[in-house]
Number of protein chains: 2
Amino acid sequence: MSGRRRSECSSKKAAKKEAVKLEKQRRKEESAAAAATTADDGLDPLAANYGDVPLPDLQSKAVTGRKWTAVGDLDGSFKDKEVLVRGRVQTSRAVGKNIAFLVVREMGFTVQCVVTVAPELVSRQMVKFATGLSRESHVDVEGIVSVPGEPIKGASQQVEVHVRKVYCISKAVPNLPINIEDAARSEAEFERASEAGEQLVRVNQDTRLTHRVLDLRTPANQAIFRVQCQIENFFRQFLISEGFVGIHTPKLMAGSSEGGAAVFRLDYKGTPACLAQSPQLHKQMAINGDFGRVFEIGPVFRAEDSNTHRHLCEFIGLDAEMEIKEHYSEVMDVVDRLFVAIFDSLNENCQKELEAIRKQYPFEPLKYLRRTLRLTFQEGVQMLKEAGIEVDPLGDLNTETERKLGQLVLKKYNTEFYILHRYPLAVRPFYTMPCFDDPAYSNSFDVFIRGEEIISGAQRVHVPEILTTRAEACGIKVDTIGPYIDSFRYGAPPHGGFGVGLERVVMLFCDLNNIRKTSLYPRDPQRITP
Amino acid sequence: MSGRRRSECSSKKAAKKEAVKLEKQRRKEESAAAAATTADDGLDPLAANYGDVPLPDLQSKAVTGRKWTAVGDLDGSFKDKEVLVRGRVQTSRAVGKNIAFLVVREMGFTVQCVVTVAPELVSRQMVKFATGLSRESHVDVEGIVSVPGEPIKGASQQVEVHVRKVYCISKAVPNLPINIEDAARSEAEFERASEAGEQLVRVNQDTRLTHRVLDLRTPANQAIFRVQCQIENFFRQFLISEGFVGIHTPKLMAGSSEGGAAVFRLDYKGTPACLAQSPQLHKQMAINGDFGRVFEIGPVFRAEDSNTHRHLCEFIGLDAEMEIKEHYSEVMDVVDRLFVAIFDSLNENCQKELEAIRKQYPFEPLKYLRRTLRLTFQEGVQMLKEAGIEVDPLGDLNTETERKLGQLVLKKYNTEFYILHRYPLAVRPFYTMPCFDDPAYSNSFDVFIRGEEIISGAQRVHVPEILTTRAEACGIKVDTIGPYIDSFRYGAPPHGGFGVGLERVVMLFCDLNNIRKTSLYPRDPQRITP
């Protein structure tokens, strides 16, 4: 039964009298269940202005033509206007018996709503109803917008809604496993509280992920995934504008993918199969299929036991592959322009989102050059050497030396985004093209943000005989990649490409310390839920 | 050894003399291997103008600044200009010993290239080299553009290139499993040939897929996947413009997905897991995570044994989910505007591609209305009844009755795109919201193109208790979807959404008869390669 459904009351006065009597009785009954928020008081003459919306009204019963305003849109331009908003009760608190303050949140934006007893408009029961709404319940609020003289601290929108009607759409359980306000706090807040001798609840990363649906509601998380969407979209639009075709390659593969051990295996209708650890082989086949320039955005799967801040068992790969006319620098040119454009676009179009992230997780804007710095691997090794760090000139860098080199590059060139190319062949996959002048090196590159690798790219071997030899040398069973090798026998253009982890780009651009923060529902060796 | 590398010849005359002698000998040697295409004739003074490019020159040796022109861009504006193009030798044929005709193809576009013996420019050996190039080999061709007075039948571009230089970048094996010209033929060509008593090679669907990399090179296939990219891109841009956020949900799930039997199972670090058969549960959780409106483009996996023209074991799902304020018609409104916009966009921006598809696979343009027709399931049943076809009013339509209804709708409303809504609850998934006035029906819809279902959508149940009851009634083990059910306990807005199969949209818009034609590397119960 709802307030709305009983809008046609008989006699207002008689009802009011009866209401006072029954209200006492009801209070008694309800005192034990403060969290219960029904407006089940048939005798409040203003009962139609609040209450729980009954289910049938939420089952597509009617189209009324009412218009809702987004909380994030509420500003001074709505002054004195009546608005209808739908959102969650972030907090509700009573001030005496006549006033309730609600903070209503929608997609990370919050507005303060005031319910004040007023004759013919708002009853005490309504204030009580509003006060009793459990946190995170969904509500419809109707009211008049006002602009207070002073800044509103507890909400993002600098207006107040003077509530005329409030209906509960969906009730949250009274005890939530995570409190959104706790989950939204910055380190600075914890420090301030600690200094003041206060003890605030800290929500650790694992608890956040277990209750991810609640965790996602924080302003920072709302922003992180909007930024991620922007990066992906910009990646796509830029490449399409440069003649790339978006493709989709299969994730189910016969055999064992590129031959690595770290694949998820499964049975495909009786055939041993695995999940693709990258779209590498199929995107190269698309090049041999004459698409010229292709990209793919899709999940890649790694069964590795890497319990680090930067590895996931499933993540979104941004992959590109293109014919090259002469030199792998053509691929690096695309990477260069693409990422500078992405960074520019984020800084220009996502200020609101970056601010929301920064509020909880402060970070310095990424330093990058208009034209991306390119160093050879040998130059990188030399820089490390001069700083007293010896690395194998034909080996790979590790996480630590990469980070150190990042610091040296930042100091010398004032950029946190750069390309390191001409890697030793021995540390690159079998399909990497060796250098023309020294087979110990390869036409390959990695790209770094803030000292961490985010992109790997290279010219590929397009000669089937060399590909076979290289695969064998790398311990790959050539018969498991037969159709791939064969595709080079039908004429294959010189080509190259690169792969990026979407979650890493978001993590490193925003200097977040854990890739689990940038995956909606992360999968790591310890976690396959929710 | 290459022509290019030997550009510094000693004495031209002496060389010429010696060349004649050696040429005779060489011809003898080569007569047995007509397909061998080396220009290994050190004594042709014009040898620098042709030959096989040696590998080091293709290993990023140098950046010369040369500019290549795309074959598809070649038109009259290039008249008398020198161009450099890279493409494949689709055909090469000799006319006597002094002329060779090459048809060079790049991304489905073709241009005729003529190699004619000319003093100081083109030698007979060069003509021979050109003639001997195997089909599908990659070549660089330099020459002068001319515009012939008559239309060129054998190529898409209406200009000719008078070749000055031709180098082979990558040789195709002489015997290809598929000939691109055979793979590109329309039914009409077969009929015409048959009438003329000619026998043409027909490449069946399975052979095409086994040698997909060759099959993809036909103009129709080049166009099909460009159209697919456009559809996906328009889907994305439209939804972003309407406030949707692009998300990625995990494909690896604990338990058994939505509870159906048709899932691929695997072991996830010791935990029984499966591949998501749709992003349904996670996209709904994203709504409960406050994203308001989300969409996802990604692979979905079905282990069903459906050997039909319209089922795949892995396909690309276009999924959307959104809060609804009042009615599931809000979701249908999005579908309506989205698809009309997609169809308009294809017809406006993909004329070249649609023409290329139509040339091999003729089809009528899709008939659709500016505002999409909506019929209730009951109205559909009634239309079928009036046409003498009885169907269970509380059952589902099958492929045949769907097709029949499509014909009736086309006749009556002149549209091949329409929405059928208010399906019987019994034939919809557990998460479908029942109708407010009759629990035998549901707030759901399907969308049809040319009589085949492409979209399923509905309002979802947002009340955890009802969701649990419905799941149990549908035989789902509720404990396997615990985090999903729980996400509705923390306040859940009314919401709805829909899912589309990308390959089906392409297939039905272009009236292709097999979904394998619109999947780059299709996966069906019989096929997991290439």
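The largest cavity holds about 120 Å³ of space, in a model that is predicted. A cavity here is a set of points, on a 1 Å grid over the protein atoms alone, where a 1.4 Å probe fits but cannot get out. Its volume is the space filled by probe spheres set on the points, with grid points joined across faces, edges and corners. The structure holds six cavities of 30 Å³ or more.

Residues are numbered from 1 along each chain as its sequence is written, and chains are lettered from A and ligands numbered from 1 in the order in which they are written. Local features need pLDDT of at least 70, side-chain atom pairs count only at pLDDT 80 or more, and totals for chains, interfaces and linings use all residues, while side-chain values use heavy atoms, with hydrogens and water left out.

**Cavities**

- The largest cavity has 14 lining residues (those with an atom within 4 Å of a point); nearest its centre lie H248(A), T249(A), E314(B), E503(B) and S519(B).
- Strand β12 (residues 314-323) of chain B gives the most to this lining, with three residues; strands are DSSP runs of E of at least two residues, and helices are runs of H or I of at least four, numbered from the N terminus.
- The lining of the largest cavity divides into six nonpolar, five polar and three charged residues. Nonpolar covers Ala, Val, Leu, Ile, Met, Phe, Trp, Tyr, Cys and Pro, charged covers Asp, Glu, Lys and Arg, and the others, Gly among them, are polar.
- The second largest cavity has a volume of about 100 Å³, and of its 13 lining residues the closest to its centre are E314(A), I316(A), E503(A), S519(A) and H248(B).
- For the second largest cavity, strand β12 (residues 314-323) of chain A gives the most to the lining, with three residues. That lining divides into five nonpolar, five polar and three charged residues.

**Chain A overall**

- Chain A has 15 helices and 17 strands, and its C-alpha atoms fill a box of roughly 100 × 55 × 40 Å along the principal axes.
- Of its 530 residues, 60% count as buried, meaning under 20% relative accessible area with a 1.4 Å probe, protein chains only.
- Among contacts (heavy atoms within 4.5 Å) in chain A between residues at least 6 apart in sequence, 70% join residues at least 24 apart.

**Helix α7**

- Helix α7 (residues 219-241) of chain A has 23 residues, which at 1.5 Å a residue should span 33 Å; its end C-alpha atoms are 33 Å apart, which agrees. The expected span is 1.5 Å times one less than the number of residues.
- Because 17 of its 23 residues are buried, α7(A) is largely enclosed by the rest of the structure.
- Just after α7(A), G243(A) takes a positive phi of about 85°.

**Sheets**

- An open sheet of eight strands in chain A runs in the order β7-β11-β12-β17-β16-β15-β14-β13, with mixed pairing; two strands pair if DSSP finds at least two bridges between them.
- β7 (245-246) and β13 (373-376) of chain A stand at the edges with a single partner strand each, so one side of each has no neighbour in the sheet.
- β16 (residues 452-459) and β17 (residues 495-501) of chain A run antiparallel, joined by five bridges; I455(A) has V500(A) as its bridge partner.
- Eight of the 11 residues of β6 (residues 160-170) of chain A are buried.
- β5 (residues 138-146) of chain A joins β6(A) antiparallel through nine bridges, and D140(A) is partnered by Y167(A).
- β1 (residues 50-52) of chain A pairs with β6(A) in the parallel sense over three bridges, and the bridge partner of G51(A) is also Y167(A).

Definitions and conventions. 1 Å grid on protein atoms, 1.4 Å probe; cavity = no way out; pocket = protein on both sides within 12 Å on 5 of 7 lines; lining within 4 Å. Buried < 20%, exposed > 50% of the residue type's maximum accessible area, 1.4 Å probe, protein only.
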